[in-house]
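The following paragraphs lead the reader through a single structure, from one residue to the parts around it. Please consult the sequence and the structure shown here while reading.

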Amino acid sequence: MGLIDQFSEYGRWRADAARSVGQLRHWLTQNEVGDAQADLRLHYVLDRLQEDKLTVAFVAEFSRGKSELINALFFADYGNRVLPSSAGRTTMCPTELQWSDGDTPQIRLLPIETRAEHATVSELKRYPEMWSEHPLDIESTTALQGALARVGEVRQVSQADAERYGFVIDPSGDNGLQPDADGQVEIPRWRHAIIHFRHPLLEQGLVILDTPGLNAIGAEPELTLSLLPNAHAVLFILAADTGVTHSDMAVWRDYVNAGQRRDGRLVVLNKIDSLWDGLRDEARIREELDRQTRSVARDLKLDVAKVFPISAQKALLARIQNDDALFERSQLGMLEHALTDQLLPAKQQIVRTTTLGETDDLVRQADELLASRQRGVQEQLAELTELRGKNQNVIEYMMRKVRSEKDEFDAGLKKYYAVRSVFTNLTNNLLGHLGLDALRDETRRTREAMLESSFSRGLREAMTGFFKHLRGNLAKSEDEVEEISGMLGVMYKRFTVEHGLKLTPPSGFSTLRYAREIDQLERAFDQQLNNTLTLITTEKHTLTQKFFETVAVQARRTFEVANRDVEQWLRAVMSPLETQVREYQLQLKRRLESVKRIHQATDTLEDRIVELQQQDQSLTKLRAELADNASDIHRALGASSAPETTSIAA
Ligand SMILES: Nc1nc2c(ncn2[C@@H]2O[C@H](COP(=O)(O)OP(=O)(O)OP(=O)(O)O)[C@@H](O)[C@H]2O)c(=O)[nH]1
Ligand SMILES: [Mg+2]
């Protein structure tokens, strides 16, 4: 199956999953089993299923064929090159290709001048007025090519301006931009491009990130600190006619291999057609190709199976001309397989696990509620059946019994409310440490410290302090989470043992994930800092501050997620207990009333028994429907077993 087919299948899979989750949500509301909380959680699950993006980034030194490979993989249907690809530097700014419902076809360009300010690209995405927007004419391939060629536009500026935008100048041209005779340098006109383009793959949530060659990459820290580490797959491209050069190695080391994650990284050895010189025979060509592939694997310290020799240009040509033999020879098919085999299943597994984590939990809660309702009904039935033919005295005894049970429970409730206020205090502490206010203060402090220090040691100290502070806050949060967990555990146990509520012990929560993200961010930052140590001090300063702004945005993202997760966890651990306590109170009241009524008129006893039997049956039916809903979701997501539910005799 081709990439397009696999991806549309993945899109259908998500749509099916969303449909089944939607059904559960509808059913819970209709039967009044869920609460507002559960509804909100399912709403988030649906949101996530609907706008699930998958980013594939293409990274290489200039002219290795990134844009050509994107054309061959995704845009051959247009019968021509869609993205500009030519000798020399073509793509001058990072370019995202994407499509969401409601978009109009257009190219949005962020002027390079915005680099003079502190704002990062992801922040600027929220301000449309900062971008230059141009509609795309998708009917005409030529018009489309013309519009997309804008990602290659350049400008001449003074050296001072170029430095203000974070570019490095080097008169020799080896380690930076080389000034021309008039002292001007050429820089990209745009800082970032977003192309909204309707394409089956992009509609399903694929985001393609094309990047420019090394020099331009080097100046935009956001790529290395945020865009690339967050991509689901990174394709690193080399060319067979140049081999692995020094600057290829630098790109690999600093931009592809820098982070912790090694999965989803594929190496492409492009332009293998340069070996088809018409002089060598097939066997010799194959030998040469094997040799090159092995040597690339050795240089990059990779398994040979991770290196894919291809010809992007011939693959594009073959697809346009429907030439199967040429496509076969281009070997693009193997790269496509690797992409679909590794990328989609891994992504699908994550979506599956997070979706089921939520739905299974909610189904279990709903079933616990129904089960406890049913237990209540069955107990009443048993009591009333016993009462058949018994005299007033016995009924009075029953009433006293229920009353004393109720009193006991009320006493338990008092303790529960006391503990709950302690819980609220602990929660406030937790949110204080994890909160965004604390983070904002620390970010401001670090930024000021960096501005004041004039030596690289000071810069480094300020940053080390920043990361240490964040980790400290995470550690404190972890302690508070533990305290809350412990307290809840005791409370859950009390209600289970003393009052017979059926509660699954609360699940734990760990901040380890966020601490890891912060560690990774610090490592990436250190790497960046080491790369800039060779620069003169003023440049180092501006660059480091730019890095820091990106780091701050990434850190805030991590903390935002941590906050959302911890709030969801707090609700998830509290709400089953609250729901069950409320439910139990209601049952006691109902039992008391029913015995009272019988006390007043023993002749309604038989009617009441019939009524309870009907309630019991309809609860059994509801629980079966709920289980059906859950299995539907499991089936749609392609997970084998249905979730466990409490079994009680119906
Ligand atoms: N022979 C041959 N040439 C190729 C192949 N793939 C790309 N090229 C050529 O290599 C040149 C550079 O290709 P691009 O796609 O522009 O490379 P890029 O990596 O996007 O380069 P920048 O955008 O400048 O960073 C173009 O002239 C392509 O036609 C290939 O498989 N074989
Ligand atoms: Mg390009």
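Glu383 is partly exposed, because 17 other C-beta atoms lie within 10 Å of its own; a residue is called buried with 20 or more such atoms, exposed with 12 or fewer, and partly exposed in between, with C-beta atoms placed from the backbone. Glu383 belongs to helix H14. From Glu383 to Thr446, 63 residues apart along the chain, the C-alpha atoms are separated by 69 Å.

This is a predicted model, in which local features need pLDDT of at least 70 and side-chain atom pairs count only at pLDDT 80 or more, while totals for chains, interfaces and linings use all residues. Residues are numbered from 1 along each chain as its sequence is written, and chains are lettered from A and ligands numbered from 1 in the order in which they are written.

The protein chain is divided into domain 1 (1-52 + 345-389 + 605-650), domain 2 (55-153 + 189-330) and domain 3 (393-600), with bounds from an automatic or database domain assignment. The centres of domain 1 and domain 3, taken over C-alpha atoms, are 27 Å apart. Their contact takes 17 residues from domain 1 and 17 residues from domain 3, two residues being in contact if their C-beta atoms, placed from the backbone, lie within 7 Å. On the side of domain 1 that touches domain 3, helix H14 (332-387) and helix H20 (605-637) are the elements that give two or more residues; helices are DSSP runs (H or I, at least four residues), numbered from the N terminus. H14 provides the largest share of that side, twelve residues.
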